[in-house]
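Good morning, and thank you for making time for this presentation. Please look at the structure as it comes up on the screen.

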Protein chains: 2
Amino acid sequence: MIKRDLEICFSPALYEPERLAGSIVVVIDILRATSAICTAFENGASSIIPVGTVPEAKDYKNRGYLVAAERDGIVLDFADFGNSPFNFTREKVSGKTIAYSTTNGTGIIKMAASASDLIIGSFLNISAVIKWIAARERNVLLFCSGWKNRFNLEDAVCAGAMAERLMATSLYSTVCDSAKAALDLWSIAKDDLPAYIEKVAHRSRLREKKLDDCISFCLTNDYTDMVPVLKNGILVRSE
Amino acid sequence: MIKRDLEICFSPALYEPERLAGSIVVVIDILRATSAICTAFENGASSIIPVGTVPEAKDYKNRGYLVAAERDGIVLDFADFGNSPFNFTREKVSGKTIAYSTTNGTGIIKMAASASDLIIGSFLNISAVIKWIAARERNVLLFCSGWKNRFNLEDAVCAGAMAERLMATSLYSTVCDSAKAALDLWSIAKDDLPAYIEKVAHRSRLREKKLDDCISFCLTNDYTDMVPVLKNGILVRSE
């Protein structure tokens, strides 16, 4: 059997779209954008529009959309709420379309929008993501959002967790050094993930802003079986 | 005591020169550029001119310089030799100025040339590098060359080894996720570094081209106590 290729990209600055024709791209930004998106769909959101810039987000607000928007963890003044998963309650989002703009995650969704398939991954939907990918047997890129183009450890570790499961299916192999590094980092992190995440830089950023209350939730496996997929530029739940 | 900052950059695509005013930058490309440079100085080279492009390297050849130049591991046809450390013998390089151009390493030397101090690091001079840095007590960036802008594991592991020693001096602390990742990768690799390096992508690239004979040499600690430093765009031995 010919195995499919597994690759990991640690930052938007390292993204090479020309190498990825036909691949499934999994966008990962666990603190907090992709965890929030998974939560929104679990709580009944009908769709999420990824929005790149602040003026665009404001324009959606003016047109009557529910808007979730933050920069550097701070809710933008015109937005309905920011990007803590705890904001995306059933009461607020059920049946709604949400325009969503964040510091890192939504930007890379737009960057990778030309991928054959783009899905949203986090620990919250990790088993569903693996099942979704394995059913398709195509090359996969796990795309970590990083922090302002820098490598970040929490997304690398989540990508490592996904890579471990994909490799275990025997459908995938990898010659990608980033994937090998992520697998090794996950091998260290997995025994006590909350303790490991304590040391990441973004953990400190969120703590300083008192936005760290959702971190243990974001490390929960399989809160939902939703796999958000991008269709015509809009995230919807997978059929 | 105020500790100095330690950061690691995994690829030229992630380099942020504006954040690094006043820092010491250590360029790392262990397979094979920075290992070769350390070897050249140990064998008596008087200076090395990092050359970015192939036409520039050819121009140096036409002007009578000894030229070491490769792309993707293959020696350029006009060059005297490529970038295996084994090429830089005492017979060939003693007392000479060498114009040197490689796929990754020499490009990032030029990219980071505006740093306050730029030095060349590898396992071959690791103790000398740590001693050189510790004597100066300035912020440090360990700059991994990567492979064509991608993350590579061998340079990350070498940076992790340097980071471990710098942290052990108690002069340094880090809030950089890349540094934390590199420290973890090194913690896995160090028990059997040759076996760990077996799995890196560039190991396979060199093997396919039968250029892998120098790898175990490149993993040797402290072959030399030379610290090549960049002065006015030219690498010379540290005073």
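Predicted model: local features only at pLDDT ≥ 70, side-chain atom pairs only at ≥ 80, totals over all residues.

Let me begin with a question: how do the axes of α6(B) and α7(B) cross, and within what distance do they come? The axes come within 7 Å and cross at roughly 100°. The helices α6(B) and α7(B) are therefore roughly perpendicular to each other.

I turn now to the relation between the chains. Chain B is superposed on chain A by a rotation of 180° with 0.0 Å of shift along its axis, and the RMSD is 0.0 Å. The two copies are thus related as by a two-fold rotation axis. Among the residues of chain B, Ala13(B) comes closest to that axis, with its C-alpha at 3.0 Å.

Next, the interface itself. Chain B contributes 23 residues to the contact and chain A contributes 23 residues. On the side of chain B that touches chain A, at least two residues each come from α6 (153-168), α7 (177-189) and α9 (201-208). The largest share of that side, 7 residues, is supplied by α7(B). Sorted by class, the side of chain B that touches chain A holds 13 nonpolar, 5 polar and 5 charged residues. Of the interface residues of chain B, 100% are also interface residues in chain A, so the copies meet through the same surface.

Within this interface, I draw your attention to one pair of helices. The axes of α7(A) and α7(B) come within 10 Å and cross at roughly 85°, and these two helices are therefore roughly perpendicular to each other. Here Ala181(A), Asp184(A), Leu185(A) and Ile188(A) meet Ala181(B), Asp184(B), Leu185(B) and Ile188(B). The contact of α7(A) with α7(B) comprises 6 nonpolar, no polar and 2 charged residues.

What lies in the interior? The largest nonpolar core has 162 residues, and those with the most contacts inside it are Val26, Leu142 and Phe143, in chain A and in chain B. Taking Leu142(B) as an example, and leaving aside its neighbours within four places in sequence, its contacts are Ile8(B), Val26(B), Ile28(B), Ala159(B), Met162(B) and Ala163(B).

Finally, consider helix α1 of chain B, residues 33-42, which is mostly covered, with 9 of its 10 residues buried. Among the buried residues of α1(B) are Ile37(B), Cys38(B) and Phe41(B), as well as Thr34(B), Ser35(B) and Thr39(B). After α1(B) comes Gly44(B), whose phi is positive, near 95°.

Thank you for your attention.

Conventions:
Residues numbered from 1 in each chain as written. Chains lettered and ligands numbered in written order. Contact = placed C-beta atoms within 7 Å. Helix = DSSP H or I, 4+ residues; strand = E, 2+ residues; numbered from the N terminus. Nonpolar A, V, L, I, M, F, W, Y, C, P; charged D, E, K, R; others polar. Core = buried A, V, L, I, M, F, W, Y, C linked by C-beta atoms within 7 Å. Buried ≥ 20, exposed ≤ 12 C-beta atoms within 10 Å, placed from the backbone. Least-squares fit on C-alpha atoms with pLDDT ≥ 70 in both. Axes fitted to C-alpha atoms, helices over the stretch in contact; angles between N-to-C directions. Parallel < 35°, antiparallel > 145°, perpendicular 65-115°, else oblique.
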